[in-house]
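Reader: Hi, I've got a structure open and some questions about it. Can we go through it together?

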Amino acid sequence: MAERPAVIDCDALVIGSGAGGAVAALELARAGRQPIVLEEGPEVSVADIAEASPAANMRRLYRNAGLSPIHGRPTIAFGEGRCVGGTTVVNGGLLWHPPTDLLDRWALRSGVDGYRAEHLDTHLREITRRLSVITHMQRPPANRDSRLLAVGADALGWRRQDARRAVRGCRHSNRCATGCPTGAKQSMALTYLPQARRRGARVDAGTRAVRIGHDGRTVTAVYAVGPDGRRTTYRPNVVFLAAGALGTPALLQRSGIHARRAGRHTAIHVNLRVNARFADPVAARDGTIFTTQLHEFADLGVLVMPANLTPGTLAASLAGHPPHVPARLLAAIDHVGTYTVQVRMSGGVRVTALPGGGLLLRHHLRASDRELLRFGLRQAARVLFAAGAVELYAPERRVLRSVAEAEAFVPGADPRRWDLVSVHAMASCPMGLPERGGMCDGYGRPYGLRGLHLCDASVLPGATGVSPQGTIMAFAHEITARYLAPT
């Protein structure tokens, strides 16, 4: 006989513990609501991260070990955190404010106001204070890959910006992407969630929400499975859904909530890695993820920045080259810098929930996206050769030794054959008026349903163009504040 599920009555339930869910948990706890937070992944301490290898942490802290495929031409590898603290545990700790003009465009396009720069400013200042956000100064001798990018940008007269990061006492361990082993990165697991717990919140780690129960008008329950396979029915007065830009629409689909619209057009940034060899040592392993970003083409949705460099990531990025190429570069790794070209895609990703909890992700790389990727590669080549690079290891097994060679190669290159990755997904359940494609209102409520608020990357009206954590958190603060405000 099947075991009867446990039933837990609670005032507020938060699904997801990343940038959106942790904000909701803390603000609800501060209001005395004693929320329960459901997190599908494990809870991992700083000591656990420090004791394990980067590869072990990759398997433990990421969904599908960081290799969720987005099918299409090419297949894009997507990485997101799956642990208490979500992706904030494994990202670079970047905390950009959303551009003012972007927020204005979103308001005009979506028809929902109240999320412009002047509305989010108080939240962003509070986030900056709580997460100890600093403009990451470049300390010699670390981060010479960042300083070289700055040299190239300055030589060309291009705009660049020092990174704003949520760190406290960064020791430049070069392990940001697999969890900070020193606790310097101020993730949700070290900041918002402990504060929420001190105020009465509870975190149920290893617990996956499988369906939201409702009667067509109001949420009635959330059905979940714990780490031991035990089923639990939560009966909350309100649910804040923050399972991420992919997890949130998948859960809505499984729950019969806007099932045909949720996740239909998800925005992503795609990343292309380019390895540059310099004549002088770079020592890119002695540093943090990056401290400078090229912003000259940010208005077009193109950024260039250094990326995390380890022997493993270097070898993986050269997998398409003949065997002697990665062997030669690995032998000269101290002269190598790895750089990322990030592009804001206009073609979207479709999220489809599969039986058993899986996801099917498909993308459509438009001709305009392919052209923007070529443009980004061309500009990366210009700035890196201006910085003193002697060789660039480009897609399609090409080794470029000058700007002229890059200019000759890029027009005929086909991004459908490139190795692309993504770590930023947004706008899968966008805020906006229904007639303008919106799925939820300015309170994060899916139209036609009470007792449910979306408060993660899924509600953003579009792609941010910059690392989205600050924007996600600001929106989550505003959504939660609107819910808690007296009527």
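Reader: Quick one to start. Is Asp 414 buried or exposed?
Author: Asp 414 counts as buried, because its relative accessibility is 10%. Buried means under 20% relative accessible area, exposed over 50% and partly exposed in between, with a 1.4 Å probe and protein chains only. Keep in mind that this is a predicted model: local features need pLDDT of at least 70, side-chain atom pairs count only at pLDDT 80 or more, and totals for chains, interfaces and linings use all residues. Residues are numbered from 1 along each chain as its sequence is written, and side-chain values use heavy atoms, with hydrogens and water left out.

Reader: Where is Asp 414 found?
Author: In the loop between helix 12 (403-409) and strand 20 (420-426). Helices (H or I, at least four residues) and strands (E, at least two) are DSSP runs, numbered from the N terminus.

Reader: And what is Asp 414 in contact with?
Author: Arg 73, Arg 370, Arg 374 and Glu 396, leaving aside neighbours within four places in sequence. Contact means heavy atoms within 4.5 Å.

Reader: Arg 73, ok. What kind of peptide bond joins Arg 73 and Pro 74?
Author: A cis one, with omega about 0 degrees. Pro 74 sits in the loop between strand 3 (68-71) and strand 4 (76-78). Most residues other than glycine have a negative phi, and most peptide bonds are trans.

Reader: So which way does phi go at Gln 34 and His 172, positive or negative?
Author: Positive. Phi is near 50 degrees at Gln 34 and near 55 degrees at His 172. Gln 34 is in the loop between helix 1 and strand 2 (36-39). His 172 is in the loop between strand 7 and helix 7.

Reader: Is Gln 34 buried or exposed? And His 172?
Author: Gln 34 counts as exposed, because its relative accessibility is 53%. His 172 counts as buried, because its value is 8%.

Reader: New topic: helix 5. How far apart are its end C-alpha atoms?
Author: They are 19 Å apart. Helix 5 has 14 residues (117-130), so at 1.5 Å a residue it should span 20 Å, which agrees. The expected span is 1.5 Å times one less than the number of residues.

Reader: Where does helix 5 bend?
Author: At His 123, by about 25 degrees. The bend is the angle between axes fitted to the seven residues ending there and the seven starting there.

Reader: Which residues of helix 5 are buried?
Author: Leu 120, His 123, Leu 124, Ile 127, Thr 128 and Arg 130. What covers them includes helix 1 (19-30), helix 4 (100-110) and helix 13 (469-484).

Reader: Last thing, cavities. How many are there of 30 Å³ or more?
Author: Two. On a 1 Å grid over the protein atoms alone, a cavity is a set of points where a 1.4 Å probe fits but cannot get out; lining residues have an atom within 4 Å of a point. Grid points are joined across faces, edges and corners, and a volume is the space filled by probe spheres set on the points.

Reader: What's the volume of the largest cavity?
Author: About 90 Å³. It is lined by 15 residues, and Cys 170, Ser 173, Cys 176, Cys 180 and Thr 288 lie nearest its centre.

Reader: And which helix gives the largest share of the lining of the second largest cavity?
Author: Helix 4, with four residues. The second largest cavity holds about 60 Å³ of space, and its lining residues include Trp 106, Tyr 115 and Phe 475.

Key:
On a 1 Å grid over the protein atoms alone, a cavity is a set of points where a 1.4 Å probe fits but cannot get out, and a pocket is an open set with protein on both sides within 12 Å along at least five of seven lines; lining residues have an atom within 4 Å of a point.
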